[in-house]
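Colleague: I want to learn how to read helix packing and salt bridges in a model. Can you take me through them?

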Amino acid sequence: MKTFHPFPFFLCLMLFFGCQEQQQFDVLIKNGHIVDGSNSPSFVGDVGINADTIVAIGNLKNAKGHLEIDATGNVVAPGFINMLSWAVESLIEDGRSMSDIKQGVTLEVFGEGWSMGPLNEKMKKEELESQGDIKFGIPWTTLDEYLEHLTEKGISPNVASFVGATTLRIHTVGYEDRPPTAQELDSMKLMVKQAMEDGALGVGSSLIYAPAFYSSTEELIELCKVASEYNGMYISHMRSEGEKLLESLDELIEIADKADIRAEIYHLKQSGKANWDKFDAVVAKVDSARAAGLKITANMYNYVAGATGLDASMPPWVQEGGYEKWAERLQDQEIRKQVLKEMTTPTDAWESLMQAAGDPSKILLVGFKNDSLKYLTGKTLKEVAEMRGLSPEETAMDLVIEDGSRVGTIYFLMSEENVKKQMALLWMSFGSDGGSLASEGVFLKSNTHPRAYGNVARLLGKYVRDEQVISLEEAIHKLTKMPATNLRIKKRGELAVGNYADVAVFDPKTIKDLATFENPHQYATGMEHVFVNGTQVLEHGEHTGKFPGRVVRGPGWKGDK
């Protein structure tokens with residue numbers, strides 16, 4: 001019988017472990033204040049990335065990276081999700097996504113009513129004719145083809161989209177104020193089916209605007225039933241955010257219930273001072289629906305002003321048929337008299353943002369298509385009306401005619417107190433409701449809402465650090481894992497082993513929005529490094545020129561990726 005000698009055995013073990021190769025990563029982010037998106041307490045640690053994937057999190061002090069970043073004193077978080085993005089054209093012009101990348105946004109979510117597909121030839125022609133400062137061809141037809149077009153061209157962030165109910169309606173019914181025929185509704189439902197199988201996140205509506213305004217609740221329920229079959233979501237700019245806010249919320253809840261679908265309120269707000277006190281009633285309705293088992297959520301932007309167009313100041317009937325018919329009617333003196341009367345008469349039949357703003361000095365003109373009118377950029381409607389010696393209403397009508405567009409407009413509508421209360425709600429996430437722009441080139445031809453440059457930074461700087469409205473962990477949760485979970489997006493939204501390496505590294509002491517309503521084209525500060533799918537797109541605050549963005553698809557996708 002052989003005798004067992006322990007010393008050589010332990011010597012072998014020591015030699016074995018001592019000779020192990022040092023852990024190597026493509027990217028090693030060291031000593032960061034890790035806020036992983038789960039709303040758990042933060043901790044100091046390291047993140048290891050190989051290729052496009054997070055492969056290690058924790059104490060990696062003996063590891064090495066081909067690229068090493070010392071994040072001491074900085075927050076390391078998942079890349080942020082912009083739940084309501086209008087970067088559909090700006091990314092065609094400039095794939096760097098500068099204003100959002102400099103805030104750590106790694107996923108842009110499109111589809112507020114209008115989506116970039118499916119398009120027919122007439123819609124393509126109309127889209128080409130309506131283009132303003134940014135010009136581009138339209139080689140795609142379906143929504144999926146548009147998203148693929150972006151990534152083939154080269155973009156820094158990831159992109160995803162809802163299919164727009166407005167787009168479906170224009171595709172089949174056009175701009176008419178009537179219900180779809182049975183055949184038209186079947187066609188719309190078939191397009192939802194195709195979009196969902198192509199990876200759309202669900203159905204999006206924007207019911208304040210014509211022709212979406214003409215859609216009935218029943219029509220929307222039918223479309224949402226199809227999206228629900230694919231575990232999709234319904235997301236809506238509701239029919240009213242002011243006078244009939246509560247009734248419009250009832251409609252969203254009814255659609256969610258009857259279509260058996262998750263539903264989210266786009267940019268929740270209480271528009272107009274007369275409606276600011278409806279906050280508690282809104283929260284009570286949502287909480288009650290959630291308690292009953294419905295999955296109702298919301299998103300918001302962190303400002304007291306919204307941005308849209310002068311169409312939101314005119315009755316929907318005058319806009320029936322599209323822009324050409326609208327402008328033609330506004331040149332008929334009898335029709336103008338009727339429009340003027342309705343623009344100045346309080347009503348709950350349609351949503352007037354001019355009336356909600358309360359005064360034309362609170363209506364800022366920021367986007368003109370016609371070069372001869374660009375000198376008015378940044379002026380209020382009151383100022384332009386006084387320049388012309390006309391009423392604000394007549395001035396608005398004339399500007400729509402002269403510009404060949406609805407004219408980009410900012411309305412000051414909301415309460416700062418309500419903005420703060422909203423962001424603390426359990427079911428609230430965030431979206432800029434803006435493009436992702438650059439402070440150069442064609443983008444400087446028009447002004448924009450400062451939210452395009454500052455929505456996330458304003459949350460993390462003003463409201464988290466300075467005013468402590470919510471904690472850093474909660475804010476990042478609402479920017480990452482919460483929206484990813486709501487959208488049913490896999491492997492994103494959390495710093496976790498096996499997830500895609502979308503990562504934002506920022507200085508919590510200097511993160512700040514600088515964009516203002518007077519001077520909106522100013523980048524936020526404080527974002528140090530950003531990775532998208534493991535590729536660095538921001539290094540020490542400067543863009544690297546890399547375009548690793550991908551199409552992120554919803555739960556109904558029938559593809560092979």
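Colleague: What should I know about the model before I start?

Modeller: This is a predicted model, where local features need pLDDT of at least 70, side-chain atom pairs count only at pLDDT 80 or more, and totals for chains, interfaces and linings use all residues. Residues are numbered from 1 along each chain as its sequence is written, and side-chain values use heavy atoms, with hydrogens and water left out.

Colleague: How many salt bridges does the structure hold?

Modeller: The general idea first. Side chains of opposite charge can pair when their charged atoms come close. A salt bridge here is a side-chain nitrogen of Lys or Arg within 4 Å of a carboxyl oxygen of Asp or Glu. The structure holds 32 of them.

Colleague: Where do R96 and E440 lie?

Modeller: Elements come from DSSP runs, numbered from the N terminus: helices are H or I with at least four residues, strands are E with at least two. The side chains of R96 and E440 form a salt bridge, 3.2 Å from N to O. R96 sits in the loop between α2 (90-93) and α3 (98-101), and E440 in the loop between β17 (428-430) and α17 (451-466), so the pair ties together parts 344 residues apart in sequence. D94 joins R96 and E440 in a network of salt bridges.

Colleague: Is E440 buried, partly exposed or exposed?

Modeller: Buried means under 20% relative accessible area, exposed over 50%, and partly exposed in between, with a 1.4 Å probe and protein chains only. E440 has 39% relative accessibility, so it counts as partly exposed.

Colleague: Which residue forms a salt bridge with D513?

Modeller: R458 does, with the closest N and O atoms 3.2 Å apart. This pair links distant parts of the chain: D513 is in the loop between β18 (503-506) and β19 (527-532), while R458 is in helix α17, 55 residues apart. D513 is buried at 12% relative accessible area. R458 is buried too, at 17%.

Colleague: What does D398 touch?

Modeller: Contact means heavy atoms within 4.5 Å. D398 touches R336, R388 and L390, leaving aside residues up to four places away in sequence. D398 belongs to helix α15. At 16% relative accessibility, D398 is buried. D398 and Q331 are 67 residues apart in sequence, but 8.5 Å apart in space, C-alpha to C-alpha.

Colleague: At what angle do α11 and α15 pack?

Modeller: Axes are lines fitted to C-alpha atoms, for helices over the stretch in contact, and angles run from 0 to 180 degrees between N-to-C directions. Helix α11 (residues 323-330) and helix α15 (residues 392-403) pack at about 130 degrees, with axes 9 Å apart.

Colleague: Which residues of α11 and α15 meet?

Modeller: From α11, Y323, W326, A327 and L330 meet M397, V400 and I401 of α15. By class, this contact of α11 with α15 has seven nonpolar, no polar and no charged residues. Nonpolar covers Ala, Val, Leu, Ile, Met, Phe, Trp, Tyr, Cys and Pro; charged covers Asp, Glu, Lys and Arg; the others, Gly among them, are polar.

Colleague: How do α9 and α10 cross?

Modeller: Their axes come within 10 Å and cross at roughly 15 degrees. That makes α9 roughly parallel to α10. The contact is made by L245, L246, L249, D250 and I253 of α9 with A281, V282, K285, V286 and A289 of α10. These residues divide into eight nonpolar, no polar and two charged.

Conventions
Angles under 35 degrees count as roughly parallel, over 145 as roughly antiparallel, 65 to 115 as roughly perpendicular and the rest as oblique.
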